[in-house]
Amino acid sequence: MLTKILAILAVLIALFTVGAAYSSRSAVTLRQDEQQQRYWPRQGTYLNGSYRSGTWNYSGNRASYGGGFFGGGTGFGK
Amino acid sequence: MSSVTKTTTYRFIDWSTYLALFAASLVFLAGIIGPFFQQQLLDDRLDVSPGEVVELKTWQLKPQLIGAMRIDVDASFNNNRWTTYELRVLDEQGNLIVSALKQAWAESGTWREGGESGTWREKDVEAALDLQAGDEPETITLALNILDYTDTSGQPIEGESVRFHVRVFNGAIDTRYLVPGLIGTGGLALFCFLSTRNSGQETISKIVFDSDIGGRAIMGGDHNLVCCTLKIVADETSPRSLDVNLWLSDGYGENLSHQVTPVPLKFHKDEVGDITKTTGEFNQYFLLKKRGSYGVYIEVTPDDPVDKTVLKVRENVRTLTGVAVVEIARD
């Protein structure tokens with residue numbers, strides 16, 4: 001009985017992950033307000049804004065992306 | 001006297017392990033064939049100066065079932081610079097419809113530690129964005145823009161440009177989902193395998209520091225596979241194999257079956273090559289059609305080298321493959 005539950009769970013995981021990979025579930029879907037929370041950044045590429053009723057609501061100039069992106073100074077990274 | 005037949009049965013196979021393995025191979029296969037769905041649309045290198053917005057190319061993005069449009073950007077710029085660059089997607093009228101930021105940096109320097117020294121270089125400069133059309137096809141233009149270009153202390157630098165290598169693919173698969181998928185399904189397949197191997201309820205469990213072992217329990221019944229496992233530990237004087245004599249008796253103590261099976265031994269050696277011990281394992285499946293009290297008695301011969309025997313009998317056992325079984329019919 002337990003093995004059956006585990007096997008069915010394995011099939012569900014396979015269907016979900018293959019489905020998510022092939023449908024590009026976490027891509028940006030153009031003009032879709034609802035789907036943007038599924039966005040999963042690749043290579044640390046973050047969205048600068050969001051959709052509001054189908055139009056891009058730009059978070060605007062460089063001050064509003066948080067700023068504070070400066071060098072690490074000496075010894076950074078090692 | 002009950003009739004004894006030796007057959008091979010497939011009735012007790014638990015298919016769950018195979019189903020879970022099928023699921024795992026599905027995920028694996030999906031990862032292998034994924035790259036065949038993508039076509040390259042653009043492979044371009046260009047220089048962008050801070051403050052200018054450079055438009056790259058225009059495409060038609062259609063709603064599609066498989067994959068997304070993937071924009072891969074690799075930036076190269078001078079060492080010890082930090083830059084924030086923006087990927088812009090514009091619609092036909094030039095309105096911004098997506099904006100994504102990458103905070104890229106490349107630094108190098110020297111290190112000194114305990115009399116040793118060297119140089120280090122680290123960077124994080126690549127960006128990637130997956131795009132999918134909404135309900136309708138859309139004509140999109142990709143543009144690049146540098147928002148920020150500074151040295152390591154945050155002072156803006158003028159007169160330098162960033163070189164971008166932009167590649168665009170259509171039909172790209174998001175393989176990041178497949179890694180946890182493979183680990184999950186593979187792990188569950190392993191669980192199924194282990195749980196099938198240890199399935200059933202224990203009826204007899206005995207350890208004896210001798211070659212003769214036995215026990216009695218109530219077990220059996222229709223559609224109930226009984227598995228008898230014997231583990232043998234012997235010393236270095238043992239031959240290559242030992243004979244296992246197995247007797248099965250009914251509730252009145254009358255003998256139902258007797259069989260002799262040679263069990264090959266595994267020789268364990270220590271670092272210098274001396275034999276420390278030898279071990280062997282023996283398995284026999286029974287189908288006892290009538291539920292009742294049964295006795296299992298085992299003698300291992302020759303008995304001199306045998307140090308320890310462990311007998312375990314389980315019922316309601318499931319198997320991974322077809323197994324040889326001794327079937328004892330009703331009277």
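Analyst: Strand S14 (residues 241–249) of chain B and strand S18 (residues 292–301) of chain B run antiparallel, joined by seven bridges. Within this pair, you will find Val244(B) opposite Val300(B) in S18(B). Keep in mind as you look that this is a predicted model.

The two strands belong to an open sheet of four, with the order S12-S18-S14-S15 in chain B and antiparallel pairing. At its edges stand strand S12 (212–219) and strand S15 (255–264) of chain B; each has a single partner strand, so one side of each is left without a neighbour in the sheet. On average, neighbouring strands here are turned by 20 degrees against each other, direction ignored.

Now for the partner chain. In the contact between the two chains, 63 residues of chain B meet 45 residues of chain A. On the chain B side, the elements that give two or more residues are helix H1 (16–33), strand S5 (81–90), strand S6 (96–113), strand S7 (116–124), strand S8 (126–132), strand S9 (138–151) and helix H2 (178–197). By residue type, that side of chain B divides into 31 nonpolar, 20 polar and twelve charged residues.

Methods. Residues numbered from 1 in each chain as written. Chains lettered and ligands numbered in written order. Predicted model: local features only at pLDDT ≥ 70, side-chain atom pairs only at ≥ 80, totals over all residues. Contact = placed C-beta atoms within 7 Å. Nonpolar A, V, L, I, M, F, W, Y, C, P; charged D, E, K, R; others polar. Pairing = 2+ DSSP bridges. Axes fitted to C-alpha atoms, helices over the stretch in contact; angles between N-to-C directions.
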